[in-house]
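The following exercises ask the reader to work through a protein model step by step. Please examine the sequence and the structure before reading the solutions.

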Amino acid sequence: MALRLFTRHPAPERPEAASEATARPETWTPEGVTVVQRYANQVGTLILLFSADDNRYYHVVACLGCHYMETTDLDNAYSGGLELKAAARVANAHAATCRALPRPIPTRPDDDTARDQLRRCVLNGQRRSQDVRIGVSFFDRNRLTLQRTNEWIINELQRLADAHPELVRTEHPSYSRRAEYYLRPSN
Ligand SMILES: [Zn+2]
């Protein structure tokens with residue numbers, strides 16, 4: 001069954017592009033994340049260490065030059081994500097070796113584009129025979145391009161679950177006031 005998840009629109013007007021073109025990596029904070037530290041690589045290109053999680057427990061390291069991105073602590077088999085200390089180590093290690101020049105800062109997408117991006121990301125995460133939990137951290141790798149708040153993301157997940165319950169199911173666990181979202185298997 002073909003899912004009509006994506007809306008097509010004419011090329012959007014971007015009245016905000018002029019101001020964003022002048023955004024500088026030194027001060028850029030993508031919407032929806034907290035930039036905790038900035039590192040410079042061997043040629044001065046910035047590497048962001050940010051957290052997208054409300055508790056700032058896990059972090060993401062992202063190079064604004066070479067597309068390097070890390071969300072997990074490879075040295076810690078028990079950890080689900082990068083705690084601050086490990087994230088700093090990872091960022092330093094990358095800064096010591098990377099010589100990539102800065103890429104342009106991604107333009108903040110309009111809502112339709114961001115929604116398409118989120119839905120593509122969800123579909124890409126689908127597995128053949130098991131449910132996949134979709135929380136905010138599911139989108140860690142997309143936060144620099146998505147540039148939306150956690151609230152916006154959760155709201156979109158709810159819309160997706162409402163429109164496509166065959167794709168995303170919702171649970172309301174007794175221990176939490178928040179709904180949880182699960183991506184159903186592809187078969
Ligand atoms: Zn790099």
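**Exercise 1.** In which loop is the place of Asp54?

*Solution.* The model is predicted: local features need pLDDT of at least 70, side-chain atom pairs count only at pLDDT 80 or more, and totals for chains, interfaces and linings use all residues. Residues are numbered from 1 along each chain as its sequence is written. Helices (H or I, at least four residues) and strands (E, at least two) are DSSP runs, numbered from the N terminus. Asp54 lies in the loop between strand E2 (46–51) and strand E3 (60–63).

Determine next whether Asp54 counts as buried or exposed. A residue is buried if 20 or more other C-beta atoms, placed from the backbone, lie within 10 Å of its own, exposed if 12 or fewer, and partly exposed in between. Asp54 is exposed because it has 10 C-beta neighbours inside 10 Å. From C-alpha to C-alpha, Asp54 is 8.9 Å from Val33, while the two are 21 residues apart in sequence. In the protein, buried residues make up 25% of the 187 residues.

**Exercise 2.** At what angle do helix H3 and helix H5 pack, and which residues meet?

*Solution.* Two packed helices are described by the angle between their axes and the distance between the axes. For helix H3 (residues 111–124) and helix H5 (residues 150–163), the angle is about 65 degrees and the axes are 11 Å apart. H3 and H5 are therefore roughly perpendicular to each other, a term for angles of 65 to 115 degrees.

Two residues are in contact if their C-beta atoms, placed from the backbone, lie within 7 Å. Arg115, Leu118, Arg119 and Val122 in H3 meet Ile153, Glu156 and Leu160 in H5. By class, this contact has 4 nonpolar, no polar and 3 charged residues. Here Ala, Val, Leu, Ile, Met, Phe, Trp, Tyr, Cys and Pro count as nonpolar, Asp, Glu, Lys and Arg as charged, and the others, Gly among them, as polar.

**Exercise 3.** Identify the order of the strands in the sheet that contains E7.

*Solution.* The order is E5-E7-E6, in an open sheet of 3 strands with antiparallel pairing. Strand E5 (132–134) and strand E6 (168–171) are the edge strands, each pairing on one side only. E6 and strand E7 (residues 180–183) pair over 4 bridges in the antiparallel sense, and Thr170 stands opposite Tyr181 in E7. H5 packs on this sheet, touching E5, E6 and E7, and its direction makes about 115 degrees with that of E6.

Definitions and conventions: Axes fitted to C-alpha atoms, helices over the stretch in contact; angles between N-to-C directions. Parallel < 35°, antiparallel > 145°, perpendicular 65-115°, else oblique. Pairing = 2+ DSSP bridges.
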